[in-house]
Amino acid sequence: MRGVNRASVSEKRGGGAETEAAVRKALDWLTKMQKDDGHWEETQSKVAHTGLAVLCYLSYGVKPNDESHHGHNPEYALALAKGLKWLQDQVPESGNMRDGGKMYDQAIGTLALGEAYGITSNQQLSLPLDRATELLIKAQNSQSGGWRYQPHSTISDLSVSGWVIM
């Protein structure tokens, strides 16, 4: 949550010390499970899993290279920075970062890069984000306006389209 008192918002929504502890426990687990090169790997797509992990840290308010850590475990900022670096390195000139072969990978990886860029304004994320976004635009079904598992599919899928729209 950007620019808000996390504890106050959490409390208003029924959260408290127990929910904060649960979130920190989850982030501790993610930090422990991260591979040395910065990615996470639990299924076919390292890109999708790394993107989802990056989104977890960002949504908790962690920023890469945040020296003050705002009360966070300092390992969270390091894990986030490594994850973002790995993710941006997966975007070639073509923008295709579908390591699991499906558009979910592309959409989730692009979403994570976009959120990180929006929060940090880190210009190093700009080119990979532009390339990944361009691939999403080109992969859209020109008839239905949606996306499916592969670019230019003749039919669309609501779950894939939902990730791309986000």
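**A chat about the model**

Author: Let's start with S121, which counts as partly exposed at 47% relative accessibility. Buried would be under 20% relative accessible area and exposed over 50%, with partly exposed in between, using a 1.4 Å probe and protein chains only. This is a predicted model, where local features need pLDDT of at least 70 and side-chain atom pairs count only at pLDDT 80 or more, while totals for chains, interfaces and linings use all residues. Residues are numbered from 1 along each chain as its sequence is written, and side-chain values use heavy atoms, with hydrogens and water left out.

Reader: Thanks! Where does S121 lie?

Author: S121 is in the loop that runs between helix 5 (103-120) and helix 6 (126-139). Helices here are DSSP runs of H or I with at least four residues, strands are runs of E with at least two, and both are numbered from the N terminus.

Reader: What is phi of S121 near?

Author: Phi of S121 is near 60 degrees, a positive value in a residue other than glycine. H152 is not a glycine either, and it has a positive phi of about 60 degrees.

Reader: And where is H152 found?

Author: H152 belongs to the loop between helix 6 and helix 7 (158-165). With a relative accessibility of 55%, H152 counts as exposed.

Reader: Let's zoom out. How many helices and strands are there in the protein?

Author: There are 7 helices and 0 strands, and along the sequence the pattern reads α-α-α-α-α-α-α. The protein is as compact as a globular protein of its length, because its radius of gyration is 17 Å, close to the 15 Å that the globule rule gives for 166 residues. That radius is taken over C-alpha atoms, and the rule is 2.2 Å times the number of residues to the power 0.38.

Reader: What does the C-alpha trace span along its principal axes?

Author: About 50 × 35 × 30 Å. Of the 166 residues, 42% count as buried.

Reader: Nice. Can you show me some residues up close? I'd like to start with L58: buried or exposed?

Author: L58 counts as buried, at 7% relative accessibility. It is found in helix 3 (residues 46-60). Leaving aside neighbours within four places in sequence, L58 is in contact with L80, A112, E115, A116 and I119.

Reader: Which helix is S161 in?

Author: S161 is in helix 7. This serine counts as buried too, given its relative accessibility of 8%. Not counting residues up to four places away in sequence, S161 touches G146, W147 and S156.

Reader: And S159? Which helix does it lie in?

Author: Helix 7 holds S159, which is partly exposed with a relative accessible area of 36%. S159 and Y104 are 55 residues apart along the chain, and their C-alpha atoms are separated by 8.5 Å.

Reader: Switching topic: which residues line the second largest pocket?

Author: The lining is made of P64, N65, A81, L84, K85, Q88, T120, N122, Q124 and L125. On a 1 Å grid over the protein atoms alone, a pocket is an open set of points with protein on both sides within 12 Å along at least five of seven lines, and lining residues have an atom within 4 Å of a point.

Reader: Which helix gives the most to that lining?

Author: Helix 4 does, with 4 residues. One of the lining residues is Q88, found in helix 4 (residues 74-89). Q88 counts as buried, since its relative accessibility is 14%. Besides its neighbours within four places in sequence, Q88 is in contact with L113, Q124, L125 and P128.

How values were computed:
Contact = heavy atoms within 4.5 Å. 1 Å grid on protein atoms, 1.4 Å probe; cavity = no way out; pocket = protein on both sides within 12 Å on 5 of 7 lines; lining within 4 Å.
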